[in-house]
Amino acid sequence: MKTPLANGDEPAVPLPPPALRLTFDEDALAANWRALDRLSGRATAGAAVKADGYGTGARRAARVLWEAGCRQFFIAHWQEAPDVMASVPAEAVSVLHGPATDEEARYARATGLRPVLNSLTQVDRWLATGGGPCDLMIDTGMNRLGLRPDECGDARLQQLQVGTLMSHLACADEDVAANARQRDAFAGLLHRIPHQRASLANGAGIALGADYHFDLTRPGLALYGGVPRPELSPHIRQVVTPEAMILQARHVAAGDTIGYNATFTAQRNMRVGIVSLGYADGYLRCWSGKGGFVSDGRTLPVLGRVSMDMTAIDLGDSGIGEGDWVAARYDLPEAARTCGLSQYELLTVSGPRLRG
Ligand SMILES: *Cc1c(COP(=O)(O)O)cnc(C)c1O
């Protein structure tokens, strides 16, 4: 009997033909970055590529963005670094979670990644382990990560080599007074800490106007086709679309039910397609009875509950069947309105089989 081989020694197994894929429009991603860079006025646009490039594949996204001209990248976890570093130099990558342990500080130094320091403890840790180029986050009202404004006069900050001095808007996708309060608080602290560039706006913040731009903007969602504020809508193109194959086409008679818990009852005889995409792929059960797939310009509605690996759709008189591919309706603003997930979740929820 053969014993399983240790990791790394596996014989090459031929790749199976895929039955689902997340299509990725590189031109749309590049065009979205260029549009956001232009809309950032005198500031330049960076790119948030955290969470595996918002579920689209960070390595490829970083490569496309670098080729488009982007030079500042943001990830959340240290763990996300190797993927992005495969496409862009470490010095261009800021790690938002910062060095929470000495081990992470050493990792930053060993790789050349830029830690975003978020507390005086992290500042101490960074200086104690040797210092060097870093970024610094100030909290101006979100109470998530960052130094409190009253800590910004601390003498230790003068020893730092801060590239990007930043803060983060809590409500940039809304028209509320908190936005201007955060902007004014940030602007008022800039002179206290030496830095090369200041950065406040995420994607939505870009649309709040020139006085939110400072030197560098940090869009994420909008790069990948999300529209966090309606002003951005004309400038943003859809980037990813889940597509999957029809595994079986079947006739369902009037009165029959479809899927788990029989939530759909056919009112007439119908042709139904079983699509190889389910909630394990990130096509969550919120799409049950609400989603739609597209073939040849026509929409084929989802019938009954989404299963783990499959979703039933009404094939109507489309003529397609087993082995044909359909695309999920996945325009992010519309999809969010339809299924109730946020546009952020619709992107990052994509499962491993779909990401490929
Ligand atoms: C995620 C993130 C961004 C990008 O935000 P979007 O809303 O996706 O544009 C920018 N800055 C920080 C600190 C973030 O955590």
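Guide: What follows is a short tour of this predicted model, in question and answer form.

Visitor: Fine. How many helices and strands does the protein have?
Guide: There are 11 helices and 18 strands.

Visitor: And what does the C-alpha trace span?
Guide: Along its principal axes, the trace covers about 75 × 60 × 35 Å. The protein has 356 residues, and 50% of them count as buried.

Visitor: What share of the contacts comes from residues 24 or more positions apart?
Guide: They account for 63% of the contacts with a separation of 6 or more.

Visitor: On to the ligand. Which residues are closest?
Guide: K50, Y54, G203, L221 and Y344 are the closest of the 14 residues that surround the ligand.

Visitor: Which polar atoms of the protein lie by its oxygen atoms?
Guide: A polar backbone atom of G203 is 2.9 Å from an oxygen atom of the ligand. A polar side-chain atom of R144 is 3.4 Å from an oxygen atom of the ligand.

Visitor: And which residue has a polar side-chain atom by a nitrogen atom of the ligand?
Guide: H168 does, at 3.4 Å. The ligand taken alone exposes 390 Å², and the protein buries 93% of that.

Visitor: Which pocket does the ligand take up?
Guide: The space it takes is the largest pocket.

Visitor: Back to Y54. Where does that residue lie?
Guide: Y54 is in helix α2. Its phi is near 50°, which is positive, and Y54 is not a glycine.

Visitor: Is Y54 buried or exposed?
Guide: Y54 has a relative accessible area of 7%, so it is buried.

Visitor: Which other non-glycine residue has a positive phi of about 50°?
Guide: F214 has one. F214 is located in the loop between α8 (203-206) and β10 (216-218). Its relative accessible area is 21%, so F214 counts as partly exposed; the cut-off for buried is under 20%.

Visitor: How far along the chain is R229 from L208?
Guide: R229 and L208 are 21 residues apart along the chain, and their C-alpha atoms are separated by 9.1 Å.

Visitor: Let's go back towards α2. Where is T56?
Guide: T56 is in the loop between α2 (50-55) and α3 (58-68). T56 counts as buried because its relative accessibility is 3%.

Visitor: What does T56 touch?
Guide: Setting aside residues up to four places away in sequence, T56 touches L22, F24, A61, Y224, V240 and L347.

Visitor: New topic: α6. Which of its residues are buried?
Guide: In helix α6, residues 120-128, the buried ones are L120, Q122, V123, R125 and W126. They pack against α5 (102-111), β6 (114-117) and β7 (133-137).

Visitor: And what follows α6?
Guide: G130 follows, with a positive phi near 125°.

Visitor: You mentioned β6. Where does R114 sit, and is it buried or exposed?
Guide: R114 is in strand β6. At 11% relative accessibility, R114 is buried.

Visitor: Which side chain does the side chain of R114 make a polar contact with?
Guide: It pairs with the side chain of D135, at 3.0 Å. Beyond its neighbours within four places in sequence, R114 has contacts that include A90, E91, V93, P133, C134 and G163.

Visitor: Last one. Where is D317?
Guide: D317 is in the loop between β17 (311-314) and β18 (325-328). D317 has a relative accessible area of 65%, so it is exposed.

Visitor: Which residue's side chain joins that of D317 in a polar contact?
Guide: That is R298, and the contact is 2.7 Å. D317 and L300 are 17 residues apart in sequence, and 10.0 Å lies between their C-alpha atoms.

Technical notes: Residues are numbered from 1 along each chain as its sequence is written. This is a predicted model: local features need pLDDT of at least 70, side-chain atom pairs count only at pLDDT 80 or more; totals for chains, interfaces and linings use all residues. Side-chain values use heavy atoms; hydrogens and water are left out. Helices (H or I, at least four residues) and strands (E, at least two) are DSSP runs, numbered from the N terminus. Buried means under 20% relative accessible area, exposed over 50%, partly exposed in between (1.4 Å probe, protein chains only). Contact means heavy atoms within 4.5 Å. A residue is near a molecule or strand if one of its heavy atoms lies within 4 Å of it. A polar contact is a pair of N or O atoms within 3.5 Å; within protein, one must be able to donate a hydrogen and the other to accept it, and residues adjacent in sequence count only if both atoms are side-chain atoms. Accessible areas come from the Shrake-Rupley method with a 1.4 Å probe; for residues, only the protein chains shown count as cover. On a 1 Å grid over the protein atoms alone, a cavity is a set of points where a 1.4 Å probe fits but cannot get out, and a pocket is an open set with protein on both sides within 12 Å along at least five of seven lines; lining residues have an atom within 4 Å of a point. A molecule sits in a cavity or pocket if more than half of its atoms lie within 2 Å of its grid points.
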